[in-house]
Amino acid sequence: MATSLLLPTFPPSPRQSLTRSYRWFPVRTGLKPVCLTATRAQTSGGDAEESVVIVGAGIGGLASAVSLHRLGVRSVVLEQAESLRTGGTSLTLFKNGWRVLDAISVGPQLRTQFLEIEGMVVKNGDGRELRSFTFKDEDQSQEVRAVERRVLLETLASQLPPETIKFSSKLKTIQTNANGDTQLELEDGIKLLAKIVIGCDGIRSRVATWMGFSEPRYVGHCAFRGLGFYPEGQPFENKVNYIYGRGLRAGYVPVSSTKVYWFICFNSPSLGPKITDPAILKRQAKELVSTWPKDLQDLIDLTPDETISRTPLVDRWLWPGVAPTASKGRVVLVGDAWHPMTPNLGQGACCALEDSVVLANKLAGAIKGGSESVEEAMESYGSERWSRAFPLTVRANLVGALLQWDNPLVCSVRDNVVIPKLVRLGPMLEHTNFECEPLFGSSKT
């Protein structure tokens, strides 16, 4: 479906009593276009005041905004880009992610667009099958689907009231005053005074830096990613396909009837130069797996340029007593801004979704006069979610390190003993157990 684009912009002027910037575009949800209008206002009498400001319109930010909206709490979302950042490929959501999407009433809409994955097959670089699993055999309640990031973001955004998302709103500085309120200054000079700030601005979070968190740590691996497109229909079974080599692994999984997500993870002692040219990225990716099954080579060739990327893998270990806590006053972190983790367990997006509903429930209770203050609600959230996120971050790192071994003897033991005879998928998926009730407050739309 063609998408029109109209971007009338009125730059802010300090002489005006009311300053606005507009970004209008139709958001495709898979059902019908939804117009989102982003506005920003600053009065001549001082900073614009907002009760809840969310920094970042990624998965964690939009899910937090929708969760609060379901509970009757209005929020404003600041996004530095001019529109939703819908580039990239897809992400795999296990049953814990779907529990959250159901709780905020977007699960049914998304399920109709993406295939349910039945199981997974593990092979070595020669194409020999090492093991296969069926998810329902291991856990009847398991649900696995690869979801396009673009569609997930657009669907979440479509659930929010007009004027919730403020585009072209890049955070510059953060300050707190004596009342505990937080002043946010944007790059264009606009200032907001917020009662509550939720940092959802990703692995390079300015909010996390202000709170004293260290930069995420490079783990020694990089990944190529892409989304192959088969206009006549993709040929694969509804299974995750993994291929393990020495210091190198790859995987691909059907997303829909025409799209297939793929990745190649490889050891690299340094980040290397930043490369964005799709032709170079495709060539480098194919060179890494030149002797591997042809299906993977063909998949790379059928990948549209705008979906291919090369990124370093990073994480941050939240050591107790060393790392800062999730909140500082009435500022709190969600998702990658707080606990970036490697994708080896497929839990980055799922954990961000979990964060959003747990935090929204606690904040809504405090805002509506519950027994806890906002600060106490944030501390409770941090304690509850730390015990969930920290072990998963460590485990994802260790799994990645094991799978990226390049020692030939170790790889032989992995391929001939560990994977075929010792690995049990059921216990490995216990971390996907997560329950939450539907969120309904004064807003049920």
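**Entry 1: the whole protein**

How much accessible surface does the protein have, and what share of it belongs to carbon and sulfur atoms? I found about 19,400 Å², with 53% of it belonging to carbon and sulfur atoms. Accessible areas come from the Shrake-Rupley method with a 1.4 Å probe, and for residues only the protein chains shown count as cover.

I noted the ground rules next. This is a predicted model, where local features need pLDDT of at least 70, side-chain atom pairs count only at pLDDT 80 or more, and totals for chains, interfaces and linings use all residues. Residues are numbered from 1 along each chain as its sequence is written, and side-chain values use heavy atoms, with hydrogens and water left out.

I looked up the secondary structure: 12 helices and 19 strands. Helices (H or I, at least four residues) and strands (E, at least two) are DSSP runs, numbered from the N terminus.

Then I checked burial. Of the 445 residues, 53% count as buried. Buried means under 20% relative accessible area, exposed means over 50%, and partly exposed lies in between (1.4 Å probe, protein chains only).

I also looked at contacts (heavy atoms within 4.5 Å). Among those between residues at least 6 apart in sequence, 73% join residues at least 24 apart.

**Entry 2: helix α9**

I picked α9, residues 348-367. This helix has 20 residues and reaches 28 Å from its first C-alpha to its last. That is close to the 28 Å expected at 1.5 Å a residue. The expected span is 1.5 Å times one less than the number of residues.

Is α9 mostly covered or mostly uncovered? It is mostly covered, with 16 of its 20 residues buried. Just after α9 I found Gly369, with a positive phi of about 90°.

**Entry 3: α1 and its two partners**

Two packed helices are described by the angle between their axes and the distance between the axes. Axes are lines fitted to C-alpha atoms, for helices over the stretch in contact, and angles run from 0 to 180 degrees between N-to-C directions.

I took α1 (residues 59-70) with α9: their axes come within 8 Å and cross at roughly 30°. That makes α1 roughly parallel to α9. Angles under 35 degrees count as roughly parallel, over 145 as roughly antiparallel, 65 to 115 as roughly perpendicular and the rest as oblique.

α1 passes α9 in a right-handed crossing. From α1, the contact is made by Ile59, Gly60, Ala63, Ser64, Ser67 and Leu68. From α9, I listed Ala349, Ala352, Leu353, Ser356, Val357, Ala360 and Leu363.

I moved on to α1 and α5. They pack at about 25°, with their axes 9 Å apart, and are therefore roughly parallel to each other.

Which hand does the crossing of α1 and α5 have? It is left-handed. A crossing is left-handed if the near helix is turned anticlockwise from the far one by less than a right angle, and right-handed if clockwise. Here Ile59, Leu62, Ala63 and Val66 of α1 meet Leu152, Leu153, Leu156 and Ala157 of α5.

**Entry 4: helix α2**

I looked at α2, residues 95-103. Eight of its nine residues are buried. Among them are Lys95, Trp98 and Arg99. The buried residues of α2 pack against β5, α3, β8, α5, α9 and α10. Just after α2, Ser105 takes a positive phi of about 70°.

Most residues other than glycine have a negative phi. I found Glu163 with a phi near 70°. Glu163 sits in the loop between α5 (149-158) and β9 (165-166). It is partly exposed, with a relative accessible area of 38%.

Ser168 also has a positive phi, about 55°, although it is not a glycine. Ser168 lies in the loop between β9 and β10 (171-176).

**Entry 5: two buried residues**

Where is Gln234 found? I located it in the loop between β13 (217-229) and β14 (239-244). Gln234 counts as buried because its relative accessibility is 13%. Its C-alpha is separated by 8.2 Å from that of Ser256, 22 residues apart along the chain. Not counting residues up to four places away in sequence, Gln234 touches several residues, including Leu115, Pro254 and Ser256.

Val219 is found in strand β13. At 17% relative accessibility, Val219 counts as buried. Val219 and Ala401 are 182 residues apart in sequence, yet 8.5 Å apart in space, C-alpha to C-alpha. Leaving aside neighbours within four places in sequence, Val219 is in contact with Leu313, Val314, Asp315, Thr342 and Asn397.
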